[in-house]
Amino acid sequence: MKGKLIVVSGPSGVGKGTIVKTLTKRREDVVESVSCTTRAPREGEIHGREYYFLSKEEFLRRIEEDDFLEHDEHFGNFYGTPKSFVREQLKQKHVILEIDVVGALNAKKAFPESVLVMIAPPSMEELERRLKGRGTETDEEIANRMQRISYELSQQDKYDYVIINDDLETAITALSNVIDEDESK
Ligand code: ADP
Ligand code: 5GP
């Protein structure tokens, strides 16, 4: 089977990670791509699981070697999708990329057959509550992330699907159905 490339975007704190991780645990035919980043690991994050944590020098070297499907800078750090990982996984499985709007549109250029899915919050208040509740960013980082949100949500019409993450189980099922629906095309 040749898998689909599913690109999931949405504002920081909307629940992308929670949805994608639950789905990849439940479905053996779905895997999440592991991106590279130059940001420091958060507590509990493991190299090769959440991200490949690279030095800036190493990241820049890999850009030179054309090793990224797409890459971008957020909040002063670099993030990129390694081409080799995605190509290898797609031989067997559906691959989910969890990336921001700009990265998603670049991925669509590189892989036109990819399916773009936006995860949207039920409300701005709930989004801020989740972001604060996660407790992994400083107040300044939260303020920076909230500023990007209206831009990200304004790009919804460029996406193939929009899923509102109100009830978590409903959102997980919706993403699973998108993969299956798209399979029949
Ligand atoms: P993202 O990956 O989009 O930045 P996370 O998956 O880290 O977001 O989720 C942010 C916070 O919101 C987490 O604490 C998570 O447990 C919580 N969360 C995710 N989905 C829901 C939901 N449907 N209802 C309530 N809380 C949620
Ligand atoms: P975080 O630091 O919260 O894990 O991620 C910050 C931002 O980087 C999020 O908007 C996330 O979607 C984005 N991001 C994560 N991985 C990649 C990637 O491989 N490429 C791009 N362009 N953005 C990414």
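## Overall architecture

A contact here means that heavy atoms lie within 4.5 Å of each other. On that basis, 68% of the contacts in the protein chain with a separation of 6 or more come from residues 24 or more positions apart. The structure is a predicted model, and its protein chain holds seven helices and nine strands. The radius of gyration of the chain is 16 Å, close to the 16 Å that the globule rule gives for 185 residues, so the chain is as compact as a globular protein of that length.

Along its principal axes, the C-alpha trace spans about 45 × 40 × 30 Å. Of the 185 residues, 48% count as buried, while the accessible surface of the chain comes to about 9700 Å², with 49% of it belonging to carbon and sulfur atoms.

In soluble globular proteins, nonpolar side chains tend to be buried together. In this model the largest nonpolar core has 38 residues, and those with the most contacts inside it are Ile6, Val8, Ile96, Leu97, Val117 and Leu175. Strand S8, covering residues 115–120, gives the most to this core, with six residues. A second, separate core consists of five residues, including Leu54, Phe59, Phe68 and Phe78.

## Alanine 120 in strand S8

Alanine 120 lies in strand S8 and is buried, since its relative accessible area of 3% falls under the 20% limit. When residues up to four places away in sequence are not counted, alanine 120 touches Val14, Leu153, Gln156, Val162, Ile163, Ile164 and Asn165. A further relation across the chain is with aspartate 166, which is 46 residues apart from alanine 120 in sequence, while their C-alpha atoms are separated by 8.7 Å.

## The buried face of helix H4

Helix H4, formed by residues 101–110, has Val101, Gly103, Ala104 and Ala107 as its buried residues. Seen down the axis of H4, these buried residues fall within an arc of 160°, so they line one face of the helix. Their cover includes strand S1 (5–9), strand S5 (68–74), strand S7 (94–98), strand S8 and helix H6 (139–154).

## Aromatic pairs and clusters

Across the whole structure, a search finds four aromatic pairs. One of them joins phenylalanine 59 and phenylalanine 68, whose rings are stacked, at 4.5 Å centre to centre and with 20° between the planes. Phenylalanine 59 counts as buried at 0% relative accessibility, and phenylalanine 68 likewise counts as buried, at 6%; both residues are also members of the second core. Elsewhere, Tyr51, Phe53 and Tyr79 form one aromatic cluster.

With a relative accessibility of 41%, phenylalanine 75 counts as partly exposed, whereas phenylalanine 68 is buried.

Definitions and conventions: Residues are numbered from 1 along each chain as its sequence is written. Chains are lettered from A and ligands numbered from 1 in the order in which they are written. This is a predicted model: local features need pLDDT of at least 70, side-chain atom pairs count only at pLDDT 80 or more; totals for chains, interfaces and linings use all residues. Side-chain values use heavy atoms; hydrogens and water are left out. Rings of Phe, Tyr and Trp (its six-membered ring) pair if their centres lie within 6.5 Å; planes under 30 degrees apart count as stacked, over 60 as edge-to-face and the rest as tilted. Buried means under 20% relative accessible area, exposed over 50%, partly exposed in between (1.4 Å probe, protein chains only). A nonpolar core is a set of buried Ala, Val, Leu, Ile, Met, Phe, Trp, Tyr and Cys residues joined through side-chain atoms within 4.5 Å. Helices (H or I, at least four residues) and strands (E, at least two) are DSSP runs, numbered from the N terminus. The radius of gyration is taken over C-alpha atoms; the globule rule is 2.2 Å times the number of residues to the power 0.38. Accessible areas come from the Shrake-Rupley method with a 1.4 Å probe; for residues, only the protein chains shown count as cover. The arc is that of the directions from the helix axis to the C-beta atoms.
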